[in-house]
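Reader: Hi! Could you walk me through this one before I set anything up?
Author: Happy to. Here it is.

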Amino acid sequence: FPVTIRVDGARVDLNPWQVGAGLSYRFGWFVPYVGLDYLNLTIEVDHLNSLKEVLPKKKTEFKNDQPMGFFLGMGIGPEIGFNVNIELRFINEYGCSASADFKF
């Protein structure tokens, strides 16, 4: 969803969207997975007077140069009850996330 930030007459529009697909297979309690994602990130800066030496134009647009990336992760847990997941992302974004789920 697009986000617009307004400060002192300046406007910053963030318009990110991402799509991905992955493959996984359960080996007992372990669920390794790998996948590809596409991230389209556009940032438009309009009338940012405090940075006019760096951004001389009234409107400047930034886009990510590497939209394609990949992720890999590992889920651990029985088929029902709880699950712990760790995921790493590379190339178009760098990140590590961990989560835990409890199902009842």
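**A chat about the strands and salt bridges**

Author: Let's start with Asn85, which is buried, at a relative accessible area of 17%. Buried means under 20% relative accessible area, exposed means over 50%, and partly exposed is in between (1.4 Å probe, protein chains only).

Reader: Thanks! What kind of model is this, and how are residues numbered?
Author: It is a predicted model, where local features need pLDDT of at least 70, side-chain atom pairs count only at pLDDT 80 or more, and totals for chains, interfaces and linings use all residues. Residues are numbered from 1 along each chain as its sequence is written, and side-chain values use heavy atoms, with hydrogens and water left out.

Reader: What is the mean pLDDT of the chain?
Author: The mean is 86, and 88% of the residues reach 70 or more. pLDDT is the predictor's confidence in each residue, from 0 to 100.

Reader: Good to know. How many helices and strands are there?
Author: The chain has 0 helices and 7 strands. Both are DSSP runs numbered from the N terminus: helices are H or I with at least four residues, strands are E with at least two.

Reader: Back to Asn85, where is it found?
Author: Asn85 lies in strand β6, residues 82–90. Its side chain makes a polar contact of 3.0 Å with the side chain of Tyr33. A polar contact is a pair of N or O atoms within 3.5 Å; within protein, one must be able to donate a hydrogen and the other to accept it, and residues adjacent in sequence count only if both atoms are side-chain atoms.

Reader: And what does Asn85 touch, not counting residues up to four places away in sequence?
Author: With those left out, Asn85 touches Tyr33, Met74, Gly75, Ser97, Ala98 and Ser99. Contact here means heavy atoms within 4.5 Å.

Reader: New topic: which salt bridge does Asp37 make?
Author: The side chain of Asp37 meets that of Arg89, at 3.1 Å from N to O. This pair links distant parts of the chain, with Asp37 in strand β3 and Arg89 in strand β6, 52 residues apart. A salt bridge is a side-chain nitrogen of Lys or Arg within 4 Å of a carboxyl oxygen of Asp or Glu.

Reader: Are those two buried or partly exposed?
Author: Asp37 counts as buried because its relative accessibility is 2%. Arg89, at 22%, counts as partly exposed.

Reader: How many salt bridges does the structure hold?
Author: It holds 3. Another one joins the side chains of Glu87 and Arg89, at 2.9 Å from N to O, and Arg89 also pairs with Glu93, the closest N and O atoms being 3.3 Å apart. Through shared partners, Asp37, Glu87, Arg89 and Glu93 form one network.

Reader: Why does Glu87 count as buried?
Author: Glu87 is buried because its relative accessible area is 13%. Glu93, at 24%, is partly exposed.

Reader: Let's do pairing. What does β3 pair with?
Author: β3 (residues 30–46) runs antiparallel to β2 (residues 10–24), with 14 bridges joining them. β3 also pairs with β5 (residues 68–76) in the antiparallel sense over 9 bridges, and with β4 (residues 59–63), again antiparallel, through 5 bridges. Two strands count as paired if DSSP finds at least two bridges between them.

Reader: Which residue is the bridge partner of Asp37 in β5?
Author: That is Gly69, while Gly35 has Phe71 as its partner in β5.

Reader: And how many bridges join β5 to β6?
Author: There are 7, and the strands run antiparallel. Leu72, for one, has Leu88 as its bridge partner in β6.

Reader: Which residues make up the covered face of β5?
Author: Gly69, Phe71, Gly73 and Gly75 do, while Met68, Phe70, Leu72, Met74 and Ile76 form the uncovered face. In a regular strand the side chains alternate between the two faces of the sheet.

Reader: Last one: which residue has a positive phi although it is not a glycine?
Author: Ile91, at about 75 degrees. Ile91 sits in the loop between β6 and β7 (95–102), and with a relative accessible area of 40% it is partly exposed.
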